[in-house]
Amino acid sequence: MISFLLSLAAISVIGSINPNGFAVQIYLLSTPRPVICALAFTLGEYVGLLFSGLLIAWGMIQVIQQVLNFVGESIYGLQFLVGIVLLIVGCNAPRIFKPSTKNLQPLSLKPLHIFLVGFTIVIVETPTALPHIAALKQLTDAHLSIQMFILIWALYDLIFIFPLLIMVAAYLILNDNIVNSLKEFNYRINSWISKILPFVLSAIGVLFIINSLVQFFR
């Protein structure tokens with residue numbers, strides 16, 4: 001059980017590296033009500049991930065299983081095409097995913113609206129976020145009780161928003177002096193991701209293609 005929880009914690013740490021979320025949080029810390037806005041955004045992300053994760057685990061997984069059963073062996077043809085697409089995107093990733101110094105700025109700074117921004121960002125990103133999907137897969141495979149599932153997923157989500165809470169804590173200690181440092185930090189993360197993303201996407205694409213070909217000729 002301990003190794004299972006440590007594995008989920010590691011996945012959550014990886015998933016918490018979210019340049020879009022960091023960019024919004026950094027911008028909010030430079031607004032007239034930085035702490036309130038930043039906490040509203042953080043809470044929105046937490047509730048959004050909690051909601052979307054439970055929705056995927058208890059609803060969409062069953063739908064996906066039914067679709068896979070309906071499609072049958074032709075799913076490997078789709079996997080082959082997806083592999084090619086990932087390989088193409090990976091090769092062109094340096095041009096597609098360029099690090100940016102621009103801030104993502106919400107149209108309204110009302111706490112409810114900021115909460116909805118955080119909620120929406122996570123809802124949109126979760127279905128395609130590999131770390132979250134991997135964590136949900138481990139949780140569903142573990143056949144936990146509903147109460148234990150919710151508890152562990154809630155703790156996973158807490159680790160996910162921890163960097164955002166650290167930003168708020170840093171602002172409370174250092175005030176406006178920390179904002180420029182956070183902008184530089186987020187830019188470096190974007191640069192780092194843009195460098196490794198081509199290799200990750202290309203590797204996944206190659207694996208998809210190889211696996212589909214193995215299944216075809218097995």
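## What counts as a helix here

Helices (H or I, at least four residues) and strands (E, at least two) are DSSP runs, numbered from the N terminus. Going by that, the elements of the protein chain run α-α-α-α-α-α-α-α from the N terminus on. In other words, you'll find eight helices and zero strands.

A quick word on where this comes from: the model is predicted, so local features need pLDDT of at least 70, side-chain atom pairs count only at pLDDT 80 or more, and totals for chains, interfaces and linings use all residues. Residues are numbered from 1 along each chain as its sequence is written, and side-chain values use heavy atoms, with hydrogens and water left out.

## Inside or outside?

Let's sort residues by how much of them is covered. Buried means under 20% relative accessible area, exposed means over 50%, and partly exposed is in between (1.4 Å probe, protein chains only). What share of the 218 residues in the protein chain do buried residues make up? The figure is 37%.

Helix 1 covers residues 2-15. The expected span of a helix is 1.5 Å times one less than its number of residues. Helix 1 has 14 residues and reaches 20 Å from its first C-alpha to its last, close to the 20 Å expected.

Which residues of helix 1 are buried? They are Phe4, Leu8, Ile11, Ser12 and Gly15. These residues cover an arc of only 100° around the axis, so they sit on the same side of helix 1. (The arc is that of the directions from the helix axis to the C-beta atoms.) Turned away from that buried side is a face with the exposed residues Ile2, Ser3, Leu6 and Ile14.

Take a closer look at leucine 8, which counts as buried because its relative accessibility is 4%. Leucine 8 and isoleucine 159 are 151 residues apart in sequence, yet 9.9 Å apart in space, C-alpha to C-alpha.

## Helix 2, mostly under cover

Helix 2 (residues 19-28) is mostly covered, with nine of its 10 residues buried. Among them are Pro19, Phe22, Ile26 and Tyr27.

How do helix 2 and helix 7 pack? Their axes are 10 Å apart, at an angle of about 20°. Axes are lines fitted to C-alpha atoms, for helices over the stretch in contact, and angles run from 0 to 180 degrees between N-to-C directions. Angles under 35 degrees count as roughly parallel, over 145 as roughly antiparallel, 65 to 115 as roughly perpendicular and the rest as oblique. Helix 2 and helix 7 are therefore roughly parallel to each other. Helix 2 passes helix 7 in a right-handed crossing. (A crossing is left-handed if the near helix is turned anticlockwise from the far one by less than a right angle, and right-handed if clockwise.)

## Helix 6, running the other way

The axes of helix 6 and helix 7 come within 11 Å and cross at roughly 160°. That makes helix 6 roughly antiparallel to helix 7. The crossing of this pair is right-handed.

Threonine 140 also belongs to helix 6, and it counts as partly exposed at 22% relative accessibility. Threonine 140 and tryptophan 58 are 82 residues apart in sequence but 8.9 Å apart in space, C-alpha to C-alpha. After helix 6 comes histidine 143, with a positive phi near 55°.

## Rings that pair up

Rings of Phe, Tyr and Trp (its six-membered ring) pair if their centres lie within 6.5 Å; planes under 30 degrees apart count as stacked, over 60 as edge-to-face and the rest as tilted. By this rule there are three aromatic pairs. The rings of phenylalanine 51 and phenylalanine 119 have centres 6.1 Å apart and planes at 40°, so that pair is tilted. Phenylalanine 51 lies in helix 3 (residues 34-71) and phenylalanine 119 in helix 5 (residues 111-125), so the pair ties together parts that are 68 residues apart in sequence. Ring pairs also link Phe51, Phe115 and Phe119 into a cluster.

Tryptophan 153 and tyrosine 156 form a stacked pair, 4.7 Å centre to centre with 10° between the planes. These two are three residues apart in helix 7 (residues 146-174), so about one helical turn separates them. Both tryptophan 153 and tyrosine 156 are buried.
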